[in-house]
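Consider the sequence and the three-dimensional model shown here.

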Amino acid sequence: VDKPLLLKRKQAGCWRTRFGIESGNDGVLTFIRKGINKEQILNAITWAEEAGLRPKAFFMVGHMPDTHETIQETIEFAKSIPLHDVTVQINTILPKTPQEEVWKDKGGDYGSLVHETHDDKSFMQPTYTPHGLTEQDLIGYHRQFYREFYFRPITLWRHVRGLKSMDDVRKYAKAAGLFTF
């Protein structure tokens, strides 16, 4: 993505753009074959914000090579770029994906499955834990990510600035329930 493309999207009526960032650590991004690095992410998010596209990003905690440090780096990275919103999920090894192939070949080198069946797979509860991390660590980082991202003055201001009606206020009030976990 580049700035001219984002400006064209805005001119065409687009008001929001979303990015699948996944991690704020270049080593993890390389491992998951994302094909991007932190500098490219920073540029794309900055251009989207400058174009008025209210950038949102998707992140995951608990990638196979993740550590306490790489997850904390991801949280800090998300807070350092001009995002309006984030969605954070806990990594889940899904059937018939490249990640499952890596798991079959070398999964034990990276961590442990918490649940053996695909029926237990969820993006909010750990199904896999990288070495050095526990289920409780992943749940804690998931919660920490949301709290630290959303309870900052800049993020709150971005949302207040976007309120246009009482219906918007009601939607935010309803969404506040997400932070009771």
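Predicted model: local features only at pLDDT ≥ 70, side-chain atom pairs only at ≥ 80, totals over all residues.

Helix 4 covers residues 68–80. Its 13 residues should span 18 Å at 1.5 Å a residue, and the end C-alpha atoms are 18 Å apart, which agrees. The buried residues here are T70, I71, T74, I75, F77 and A78. They cover an arc of only 160° around the axis, so they lie on the same side of helix 4. In general, an α-helix has 3.6 residues a turn, so residues three or four places apart point the same way. On the face turned away from the buried side of helix 4 are the exposed residues E69 and S80. The buried residues of helix 4 pack against helix 2, helix 3, strand 2 and helix 6.

Helix 6, one of these partners, runs over residues 135–150.

Strand 2, another partner of helix 4, comprises residues 56–61 and contains K56. What is the nearest side chain of opposite charge to K56? It is D85, 6.1 Å away. A salt bridge needs a nitrogen-to-oxygen distance within 4 Å, and K56 is buried yet has no salt bridge. The side chain of K56 does make a polar contact of 3.1 Å with that of T87. Contacts of K56 beyond four places in sequence include R16, F19, L83 and V86, as well as R18. R18 belongs to strand 1 and is exposed, at 51% relative accessible area. Beyond four places in sequence, R18 is in contact with K56 and F58. The C-alpha atoms of R18 and P55 are 5.7 Å apart, although 37 residues separate the two in sequence.

The salt bridges number seven. One of them joins E50 and K3, at 2.8 Å from N to O. This pair links distant parts of the chain, with E50 in helix 3 and K3 in helix 1, 47 residues apart. Another joins K38 and E73, whose closest N and O atoms are 2.9 Å apart. K38 is in helix 3 and E73 in helix 4, so this pair ties together parts 35 residues apart in sequence. K38 is partly exposed at 21% relative accessible area, and E73 is partly exposed at 30%. K34 and E22 form a salt bridge of 3.8 Å. In this pair, E22 counts as buried at 16% relative accessibility, whereas K34 is partly exposed at 30%. Finally, E76, K79 and E148 are linked in a network of salt bridges.

Note on methods: Residues numbered from 1 in each chain as written. Heavy atoms only, no water. Helix = DSSP H or I, 4+ residues; strand = E, 2+ residues; numbered from the N terminus. Expected span 1.5 Å × (residues − 1). Buried < 20%, exposed > 50% of the residue type's maximum accessible area, 1.4 Å probe, protein only. Lys, Arg positive; Asp, Glu negative; His and termini not counted. Polar contact = N/O pair within 3.5 Å; in protein donor to acceptor, adjacent residues only side chain to side chain. Contact = heavy atoms within 4.5 Å. Arc of directions from axis to C-beta.
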